[in-house]
Amino acid sequence: MWWKIAKLAGLFFLGFGAAQDIKYQKISAEYLLAGSCAAILYRALFGRMHWSVWVAGLGCGIVFLMISKWSQEGIGYGDSWMILNMGIFLGIWNLLGMLMLAFLVAAMAAGAGLWSGKWKRTTRMSFYPFLLIGYLGTFIW
């Protein structure tokens, strides 16, 4: 039961972040810190997965933070920090499924935007909505 409640809370959390990312193209550090605290608290109280699975998810998020730094925010720090939070919350396997779907849908959206002529190669798009779509895919998974 707690897992279902936590997944719904994650849905609302990502939904709020997606709205913030679309509107401001920026995610507040306080919001992301609250997400980190919530993910760690959930793992501490209801951690039914092996510690190595969520630590690997954390490691995946750290890799994305390094990519953000090296690419001068080609993937924003807020997106990478959320990936880190979701890695702690979901574990590596569900996180990889979420990211695979998010990147697939983002690539399709970018392709459609370029093909239609509405976007240029330099157009920046919010990634949080795609993380939300990927997260919704974990419900089906």
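Trainee: Which residues lie nearest the centre of the second largest pocket?

Mentor: General idea: rolling a probe the size of a water molecule over the atoms shows where empty space is left. On a 1 Å grid over the protein atoms alone, a pocket is an open set of points where a 1.4 Å probe fits, with protein on both sides within 12 Å along at least five of seven lines, and lining residues have an atom within 4 Å of a point. Here, 17 residues line the second largest pocket, and Ala-6, Ala-9, Ala-38, Ala-39 and Phe-89 lie nearest its centre. Helix H1 (2–24), helix H2 (29–46) and H4 are the elements that give two or more residues to that lining. H2 gives the most, with seven residues. Helices are DSSP runs (H or I, at least four residues), numbered from the N terminus.

Mentor: Before you go on, this is a predicted model: local features need pLDDT of at least 70, side-chain atom pairs count only at pLDDT 80 or more, and totals for chains, interfaces and linings use all residues. Residues are numbered from 1 along each chain as its sequence is written, and side-chain values use heavy atoms, with hydrogens and water left out.

Trainee: What volume does the second largest pocket have, and which classes of residue line it?

Mentor: A volume is the space filled by probe spheres set on the grid points, which are joined across faces, edges and corners. For this pocket that gives about 310 Å³. For classes, Ala, Val, Leu, Ile, Met, Phe, Trp, Tyr, Cys and Pro count as nonpolar, Asp, Glu, Lys and Arg as charged, and the others, Gly among them, as polar. The lining of the second largest pocket has 14 nonpolar residues, three polar and no charged.

Trainee: And what lines the largest pocket?

Mentor: Its lining is made of 26 residues, with Gly-74, Gly-76, Asp-79, Arg-124 and Met-125 nearest the centre. The volume is about 640 Å³. Helix H4 (77–90) and helix H5 (92–116) each supply at least two lining residues, and H5 has the largest share, five residues. By class you get 13 nonpolar, six polar and seven charged residues.

Trainee: Is Leu-8 buried, exposed or partly exposed, and why?

Mentor: Buried means under 20% relative accessible area, exposed over 50%, and partly exposed in between. Leu-8, found in helix H1, counts as partly exposed because its relative accessibility is 45%.

Trainee: Where do non-glycine residues such as Gln-72 have a positive phi?

Mentor: Look in the loop between helix H3 (51–70) and H4, where Gln-72 sits. Gln-72 has a phi of about 50 degrees and is exposed, at 71% relative accessibility. Glu-73, also in the loop between H3 and H4, has a positive phi of about 65 degrees. Glu-73 is partly exposed, at 34%.

How values were computed: Buried means under 20% relative accessible area, exposed over 50%, partly exposed in between (1.4 Å probe, protein chains only).
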